[in-house]
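Dear colleague,

Please find below the structure that I am handing over to you. My findings follow directly after it.

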Amino acid sequence: MSAIQPKVGEPVSEELALVQAAKGGDVSAFEDLVKRYDRNVFRIAQHITQNREDAEDVVQDAFLKAYSNLEQFQGQSKFYTWLVRIAVNEALMKLRRRRPERTVSLDEDVKTEEDSVPREIADWSPNPEQLYKQAELKEILSKTIQGLPPSFRTVFVLRDVEGLSTEETADALNLSIPAVKSRLLRARLQLRERLSKYFQKRESGDGQK
Amino acid sequence: MKCSEFLQELTNYLDGALDDRTKSELEDHLAWCHNCYVVCDTTKKTIEIYRDSELYELPDDLRGRLRSAIMTKCQQYKKKSQESI
């Protein structure tokens, strides 16, 4: 079984040149950075907030905050990691506002042993994503990830959907590397467990592949 | 290797972050433990399905509106900060 391949990023030097130009007052250079990362920021925001309007606000607020704080970006991390940190904070703030009755924190670490112990071990169909129409599949994936604690789905989206490394994720979320790994393992296992009821092999004759 | 030890290393294994010796111990375990094989295989599929799903893609029209709103605010910010110098 081969390892999951990470996504390949854009050249860093080109990006730094855009950041330098934007710092020097070139707004169109900043617009290039917006074009480069708006889709990623929207995806992250929607994964965390699980609300379309909130995600739209987060995209605007995160880029404006990045623009107005560009001087503070010293280039020790990638611009994208720095931007993600801003976007995650904005998204968590939205979530807290919407759900004041619940604590929403990246430190949230739901400690129950059985989280990490798979219960449902039935094998899946060979091409589970083809069992459902595209829209149905999206609905299932969305509903499933909504059930995870925000701290788990944040780590999952950064590592597994956006392809940030463990170190970059730790940096963006201000978490230790072991904390990122522990949340990622549990997020992956919980999603797997929840998806099993949709994707497991069916007995023949029920109309499913 | 016990199943619980396998699970602890699952994330490192899927990310290709294991040394050769641990990786080979893990693969020995996978060769005879069907349950761990299924958990490993379906966890990998979980990640791939989410990665390939294009869940929460930004539609072009919304993308255009958001960008234009962002750039207007940035221009306003720039103007305001120049005035205050």
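This is a predicted model: local features need pLDDT of at least 70, side-chain atom pairs count only at pLDDT 80 or more; totals for chains, interfaces and linings use all residues.

A:Ala45 is in contact with A:Ala55, A:Val58, A:Val59, A:Ala87 and A:Ala91, leaving aside residues up to four places away in sequence. A:Ala45 belongs to the largest nonpolar core, which has 68 residues. Together with A:Ile44, A:Leu83 and A:Ala87, A:Ala45 is among the members that touch the most other members. The greatest contribution to this core comes from helix H4 of chain A (residues 79–98), with 11 residues.

The chain around these residues is helical. Chain A has 8 helices and 0 strands, which gives the pattern α-α-α-α-α-α-α-α along the sequence. Of its 209 residues, 40% are buried. Among the contacts in chain A between residues at least 6 apart in sequence, 72% join residues at least 24 apart.

Regarding confidence, the mean pLDDT of chain A is 87, and 81% of the residues score at least 70. Within chain A, confidence is lowest in helix H1 (residues 12–23), with a mean of 90, and highest in helix H3 (residues 52–68), at 97. Residues 205–209 of chain A have a pLDDT below 50, and beyond near neighbours in sequence this stretch has 5 contacts in the model.

Two loop residues of chain A deserve a remark on their backbone. Most residues other than glycine have a negative phi. A:Gln50 is not a glycine, yet its phi is positive, at about 55 degrees. This residue sits in the loop between H2 and H3 of chain A.

Chain B comprises 4 helices and 0 strands, in the order α-α-α-α along the sequence. Its radius of gyration is 24 Å, well over the 12 Å that the globule rule gives for 85 residues, so chain B is more spread out than a compact globule. Along the principal axes, the C-alpha atoms of chain B fill a box of roughly 70 × 30 × 20 Å. Buried residues account for 24% of the 85 residues of chain B. The domain assignment divides chain B into domain 1 (1–53) and domain 2 (58–85), and the C-alpha centres of these two domains lie 46 Å apart.

Finally, I turn to the contact between the two chains. It takes 43 residues from chain A and 35 residues from chain B. On the side of chain A that touches chain B, at least two residues each come from helix H2 (27–49), H3, helix H5 (134–146), helix H6 (150–161) and helix H8 (177–199). H2(A) gives the most to this side, with 10 residues. By class, the side of chain A that touches chain B consists of 23 nonpolar, 8 polar and 12 charged residues.

With kind regards

Conventions:
Residues are numbered from 1 along each chain as its sequence is written. Chains are lettered from A and ligands numbered from 1 in the order in which they are written. A residue is buried if 20 or more other C-beta atoms lie within 10 Å of its own, exposed if 12 or fewer, and partly exposed in between; C-beta atoms are placed from the backbone. Two residues are in contact if their C-beta atoms, placed from the backbone, lie within 7 Å. The radius of gyration is taken over C-alpha atoms; the globule rule is 2.2 Å times the number of residues to the power 0.38. Domain bounds come from an automatic or database domain assignment. pLDDT is the predictor's confidence in each residue, from 0 to 100. Ala, Val, Leu, Ile, Met, Phe, Trp, Tyr, Cys and Pro count as nonpolar, Asp, Glu, Lys and Arg as charged, and the others, Gly among them, as polar. A nonpolar core is a set of buried Ala, Val, Leu, Ile, Met, Phe, Trp, Tyr and Cys residues joined through C-beta atoms within 7 Å.
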